[in-house]
Amino acid sequence: MTGSPAQRFVWLLPAAVSVVLFWPGLQCWFQQDDFAWLALGQGIESAPDLLRALFQPMAQGTIRPISERAFFMGFFAVFGLDALPFRIGVFLTYLVDLWLVYRIGLRLTASAGAAALAVLLWGVNSALGMPLAWTSSYNQILCAACLLGALELWMRFADTGRKGCLWGCWIVFLLGFGVLELNVVFPALAFSYALLYAPHVWRYTLPMFAVSGLYAVVHRMAAPRVRSGPYAMHVD
């Protein structure tokens with residue numbers, strides 16, 4: 001599947017194109033919601049304070065302890081208001097995303113060219129403009145890494161039957177709930193792959209659906225409902 005050693009590095013060319021395209025994002029300073037997250041760690045004097053800072057619903061009821069709370073508090077504790085390390089962290093995660101796209105494309109097509117094209121098309125998408133320029137949108141870049149990483153491990157498990165890959169998939173899947181709510185869709189991705197390529201493993205997705213469903217219920221109970229403004233849900 002992985003091909004020759006040279007094929008393992010083909011993804012670097014389209015990755016370089018996408019990095020050059022979004023290079024100005026490395027020079028961006030903090031803006032808008034960034035300052036609220038930067039101030040989150042101020043006044044933490046005990047374990048309950050830390051838990052509250054990490055898990056208390058904020059920003060339209062979101063609970064993202066990894067991609068927002070821990071990310072901002074950790075980097076601010078080490079680098080202060082120097083924005084460049086934050087931006088480098090975002091771009092390094094972005095490179096992981098591109099590498100995972102290549103790995104998945106190579107596994108699906110057995111073609112280094114097709115996989116590299118997937119990296120190029122994914123990497124120059126205009127939708128990446130905001131998350132690669134605004135640090136508060138890091139959750140989107142990290143969520144992509146979680147979804148792609150879990151899927152790559154799932155595909156490896158489906159192809160080889162190695163339980164280590166399945167456990168790795170579960171670990172990345174569960175961590176994704178601390179990154180972005182969108183992580184709930186992963187069981188559908190895993191099931192779709194199983195349905196198309198590996199029907200013998202589809203049943204392993206059933207516990208994943210149960211976990212996603214449980215997360216959705218608990219999150220809805222814990223997070224206050226937004227009743228007005230642009231983030232309120234309207235059904236009409």
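Trainee: Which residues form the nonpolar patch on the surface?
Mentor: In this predicted model, the patch is formed by Leu-108, Leu-195, Leu-196 and Tyr-197, and together they present about 460 Å² of accessible area.

Trainee: Which helix gives the largest share of that patch?
Mentor: Helix 9, spanning residues 186-197, supplies three residues, the largest share. Leu-195 has its place in helix 9.

Trainee: Is Leu-195 buried or exposed?
Mentor: Leu-195 is exposed, because its relative accessible area is 57% and the cut-off for that class is over 50%.

Trainee: Changing topic, where is Ser-18 found?
Mentor: Ser-18 lies in helix 1, which covers residues 12-21.

Trainee: And is Ser-18 buried or exposed?
Mentor: Ser-18 is buried, given a relative accessible area of 0%.

Trainee: What does Ser-18 touch, leaving aside residues up to four places away in sequence?
Mentor: With those residues set aside, Ser-18 is in contact with Tyr-94, Leu-98, Gly-123 and Val-124.

Trainee: On to the cysteines: how many disulfides does the structure hold?
Mentor: The structure holds zero disulfides. Take Cys-143 as a case: the nearest cysteine sulfur belongs to Cys-146 and is 6.4 Å away.

Trainee: Is Cys-143 buried or exposed?
Mentor: Cys-143 counts as buried, at 2% relative accessibility.

Key. Residues are numbered from 1 along each chain as its sequence is written. This is a predicted model: local features need pLDDT of at least 70, side-chain atom pairs count only at pLDDT 80 or more; totals for chains, interfaces and linings use all residues. Side-chain values use heavy atoms; hydrogens and water are left out. Patches are made of residues with over 30% relative accessible area and no salt bridge: like charges are joined within 9 Å, nonpolar side chains (Val, Leu, Ile, Met, Phe, Trp, Tyr) within 5 Å. Accessible areas come from the Shrake-Rupley method with a 1.4 Å probe; for residues, only the protein chains shown count as cover. A salt bridge is a side-chain nitrogen of Lys or Arg within 4 Å of a carboxyl oxygen of Asp or Glu. Helices (H or I, at least four residues) and strands (E, at least two) are DSSP runs, numbered from the N terminus. Buried means under 20% relative accessible area, exposed over 50%, partly exposed in between (1.4 Å probe, protein chains only). Contact means heavy atoms within 4.5 Å. A disulfide is a pair of cysteine sulfur atoms within 2.5 Å.
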